[in-house]
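Thank you all for making time this morning.

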Amino acid sequence: MGTMEGLEVTECERCPALVDCRSQIVNGTGPADADLLFVGEGPGAREDEQGEPFVGRSGSVLDDKLRDKGLSRADVRITNCVRCRPPENRDPTKEELDNCREYLEREIELVNPDVIVTLGKVPSEHLLDRDVAVTSEAGTIANAELGGEIRDVLICVHPAATLYDRSQESTFDTALEKAANMGGSSGGQSSLGEF
């Protein structure tokens, strides 16, 4: 079965198709006590190569947008619903999502973020367990029991969506702005608020 010491999944054979396709398991990155936890769908080719989530083009978009909001990648935790790359970058199946769910729940429990930000349709629907119209619901907060307690989940479009559809950019910005304001135990004040 899968073995997991805290946040790292070191070996797992639950999904034969993904085991065949992956070159490595891609675990979440970022602080183990981050206020913001971003959840994507699964690793792509670049992520599978480098062993880190969101390192391709959509990762650059995410980094730029975080920087615009005064955050850096080092401040937030980024993970995925599935930790292994699906063949041909297809969506993970329900079974694959369910197989990996325990790892995600454990990560959420240990990180204990102020807010979980879902990047795109698959993670939004997976964590909220319902159909989500991401474009129209982006920037809204839903609640879900994750990692043992009810948590705020901020629905967001996938960063890649902004590359293909410029109108998604302001949607993404608005959602991220909200996330940045919610993160931080200082009650939504950035560190500049003290001056």
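This is a predicted model: local features need pLDDT of at least 70, side-chain atom pairs count only at pLDDT 80 or more; totals for chains, interfaces and linings use all residues.

Side chains of opposite charge can pair when their charged atoms come close. A search of the whole structure finds 17 salt bridges, and I will take you through a few of them.

One of them joins the side chains of Lys65 and Glu169, with a nitrogen-to-oxygen distance of 2.7 Å. Lys65 belongs to helix H3 and Glu169 to helix H8, so this pair ties together parts of the chain that are 104 residues apart in sequence. Glu169 has a relative accessible area of 23%, and therefore counts as partly exposed, whereas Lys65, at 7%, counts as buried. These two residues are also part of a network of salt bridges that links Lys65, Arg166, Glu169 and Asp173.

A second example pairs Glu107 with Arg77, where the closest N and O atoms are 2.7 Å apart. Here Glu107 sits in helix H4 and Arg77 in strand S4, which covers residues 77-80, so the bridge ties together parts that are 30 residues apart in sequence. Are these two partners buried or exposed? Glu107 is buried, at 0% relative accessibility, and Arg77 is buried as well, with a relative accessible area of 3%.

Asp64 forms a salt bridge with Arg67, and their closest N and O atoms are 2.5 Å apart. Because the two residues are three places apart in helix H3, about one helical turn separates them. Asp64 is partly exposed, with a relative accessible area of 37%, while Arg67, at 54%, counts as exposed.

Let me turn now to the nonpolar side chains. In soluble globular proteins, nonpolar side chains tend to be buried together. The largest nonpolar core in this model has 47 residues, and those with the most contacts inside it are Phe38, Leu62, Ile116 and Leu119. Among the elements that each supply at least two residues of this core are strand S3 (36-40), strand S5 (115-119), helix H5 (121-128) and helix H8 (167-182), together with H3 and H4.

What about the space that the atoms leave empty? Rolling a probe the size of a water molecule over the atoms shows where empty space is left. The count comes to one cavity of 30 Å³ or more. The largest cavity has a volume of about 120 Å³, and of the 16 residues that line it, Cys12, Cys15, Arg22, Cys84 and Cys100 are the closest to its centre. Helix H4 gives the largest share of this lining, four residues, and by class the lining divides into 10 nonpolar, one polar and five charged residues.

Cys100 counts as buried because its relative accessibility is 9%. Not counting residues up to four places away in sequence, Cys100 touches Cys81, Val82 and Arg83. The C-alpha atoms of Cys100 and Cys15 are separated by 8.9 Å, although the two residues are 85 places apart along the chain.

Finally, there is the largest pocket, with a volume of about 450 Å³. Which residues lie nearest its centre? The pocket is lined by 22 residues, and Gly42, Gly44, Ser58, Asn89 and His158 are the ones nearest the centre. The elements that give two or more residues to this lining are helix H2 (45-50), helix H3 (57-68) and helix H7 (161-164), and the largest share, three residues, comes from H2. By class, the pocket lining has eight nonpolar, eight polar and six charged residues.

Technical notes
Residues are numbered from 1 along each chain as its sequence is written. Side-chain values use heavy atoms; hydrogens and water are left out. On a 1 Å grid over the protein atoms alone, a cavity is a set of points where a 1.4 Å probe fits but cannot get out, and a pocket is an open set with protein on both sides within 12 Å along at least five of seven lines; lining residues have an atom within 4 Å of a point. Grid points are joined across faces, edges and corners, and a volume is the space filled by probe spheres set on the points. Ala, Val, Leu, Ile, Met, Phe, Trp, Tyr, Cys and Pro count as nonpolar, Asp, Glu, Lys and Arg as charged, and the others, Gly among them, as polar. Buried means under 20% relative accessible area, exposed over 50%, partly exposed in between (1.4 Å probe, protein chains only). Contact means heavy atoms within 4.5 Å. A nonpolar core is a set of buried Ala, Val, Leu, Ile, Met, Phe, Trp, Tyr and Cys residues joined through side-chain atoms within 4.5 Å. A salt bridge is a side-chain nitrogen of Lys or Arg within 4 Å of a carboxyl oxygen of Asp or Glu.
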